[in-house]
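Q: Could we go through the aromatic side chains of this model together? I would like to begin with charges and rings.

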Amino acid sequence: MDEYTAEAFVNRDEPVPVLTFSGTTGSPSPDPESKRSRLRESISNSKLKEKLQDGASSRSETGHSLQDRLLTKLLQQVVPTENIEEVLDLPPDKRSSKYLGRPGFSLPLMTNNFRRFNSRIGIVFVFQNRLIRLLTWRNPTHTLSLLAVCTFVCLDPYLLVVLPIAAALLSVTVPAYLVRHPAPPPTIAHSSYSLNGPPLAPPRTIKPAPEMSKDFFRNMRDLQNSMDDFSTLHDGVLKIITPPTNFSNEALSSTIFLFLFVSSCTLFIASHLLPWRLMSLFFCWASVTLGHPSVQQFVLNNRESHLRPHERKAQSWLDAWIARDIILDEPPETREVEVYELQRRKGGQKGEWESWIFSPNPYDALSPQRIAGERPKGTRFFEDVCAPKGWEWGDKKWVLDLGSREWVEARMVQGVEVEVEGERWVTDLVAEDDSDSTPNKGKKISPGWEGDGQGPSGMWRRRRWIRTVRRKGVSSIYEKDG
């Protein structure tokens with residue numbers, strides 16, 4: 001019985017076809033307890049330098065090839081050992097190894113995992129190849145059988161529970177039994193296929209494809225083509241979905257949002273009234289029928305003469321409906337900005353006030369700049385005050401804030417005299433025993449919101465100017481930057 005041997009479930013007659021769009025064997029991996037495997041798994045981006053600098057690890061590194069050691073030394077200089085989220089105090093990335101508790105990036109570990117993955121991925125490509133042959137009508141009887149099964153399931157959805165059981169029975173159990181009890185050779189005369197007697201062959205085992213074998217390179221070829229298929233499909237889907245849904249065209253995106261919202265509300269109420277079985281049956285037959293080469297050729301030949309006029313008509317109706325019913329005339333967001341005009345007394349208590357600077361903060365006695373003994377920051381001229389980034393002026397000029405007491409109370413400014421009439425100046429008040437002209441840290445400030453105009457005043461006074469700004473549109477910002 002030596003002619004019956006276990007076979008790996010990786011062989012196939014032809015490669016998996018590559019999807020296109022109009023736009024465009026060695027032994028298995030070493031055991032985990034081996035030194036080489038443990039060293040590869042221990043190398044990660046967070047402990048790379050620490051491991052390589054350790055003497056014991058460097059002695060066990062002799063089992064690596066020269067190429068692995070060179071690449072490891074290179075990664076030691078390239079891969080950062082500190083977590084960037086911790087350095088910049090950012091929220092943890094959901095894909096980071098620390099967040100998921102998974103090993104970090106390691107070139108030897110990745111190479112080992114790729115070899116193991118490529119040796120075992122053959123069964124997936126076999127299923128993919130058979131599915132493509134089934135949907136492209138390579139064998140019409142098989143495709144019609146699939147449609148018959150889909151019809152039964154669509155008309156009686158409870159049969160969906162039977163499918164995985166029947167698939168396990170027909171694709172796993174029966175083939176495994178036939179391997180143990182093979183048919184007699186054709187050279188032996190026999191009238192029937194007897195299932196009696198002891199097993200005639202060992203059970204079939206599914207083993208990884210050996211490295212450097214034909215099946216191993218077939219898996220690499222199909223994996224390469226699958227990556228290209230995924231990239232092409234990903235780009236094609238994004239090219240279709242992204243422009244109408246990312247609100248680059250706000251009218252079209254708002255229309256899609258409106259249709260989706262109305263559809264979800266309608267289905268929430270009336271979904272039980274729809275004939276889902278007939279709809280699923282129609283969708284199943286239509287999708288499988290469109291995979292027939294003759295049907296595809298017929299659709300492509302008649303698209304320009306039959307489908308294009310209806311597409312243009314539907315597009316023109318949609319554009320007219322959007323222009324008539326979708327109104328996007330929301331006013332831009334507006335805010336109120338402030339600036340403080342600071343004046344400083346010249347020549348002591350009896351001196352005159354001189355204009356000093358226009359500052360974004362009032363520079364009161366308890367402000368951080370004032371306590372630190374720093375000079376106020378700002379601009380000398382009113383015309384140099386600019387709107388915040390991304391905003392533009394909403395009116396033509398600044399307006400003096402007549403509610404001086406309100407903004408003083410709102411900012412809890414203490415030790416000042418408030419002028420409620422006239423020019424609305426808010427002047428510092430100092431203690432009588434304060435001989436220094438500029439109050440600094442540690443000096444006693446007279447509390448109060450309003451002074452009586454008789455006490456000594458400080459060296460600084462300010463008043464508040466306000467102006468309206470509105471947010472710029474994205475296009476106007478880009479035009480100005482360009």
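A: The charged end of R461 lies over the ring of W425, 4.1 Å from its centre. A charge sits over a ring if NZ of Lys or CZ of Arg is within 6 Å of the ring centre and within 35 degrees of the ring normal. This is a predicted model, in which local features need pLDDT of at least 70, side-chain atom pairs count only at pLDDT 80 or more, and totals for chains, interfaces and linings use all residues. Residues are numbered from 1 along each chain as its sequence is written, and side-chain values use heavy atoms, with hydrogens and water left out.

Q: And R344, which ring does it lie over?
A: R344 lies over the face of W356, at 5.5 Å from the ring centre.

Q: Changing topic: how many aromatic pairs are there?
A: The structure holds 10 aromatic pairs (rings of Phe, Tyr and Trp, its six-membered ring, with centres within 6.5 Å; planes under 30 degrees apart are stacked, over 60 edge-to-face, the rest tilted).

Q: Why is the pair of F259 and W321 tilted?
A: Their ring planes are at 35°, so the pair is tilted; the centres are 5.5 Å apart. F259 belongs to helix α12 (residues 250-270) and W321 to helix α15 (residues 303-325), 62 residues apart. Helices are DSSP runs of H or I, at least four residues, numbered from the N terminus.

Q: Is W321 buried or exposed?
A: W321 is buried, at 16% relative accessibility (buried is under 20%, exposed over 50%, partly exposed in between, with a 1.4 Å probe and protein chains only). F259 is partly exposed, at 37%.

Q: Which residues form a ring cluster?
A: Ring pairs link F358, F382, W393, W398 and W465 into a cluster.

Note on methods:
Helices (H or I, at least four residues) and strands (E, at least two) are DSSP runs, numbered from the N terminus.
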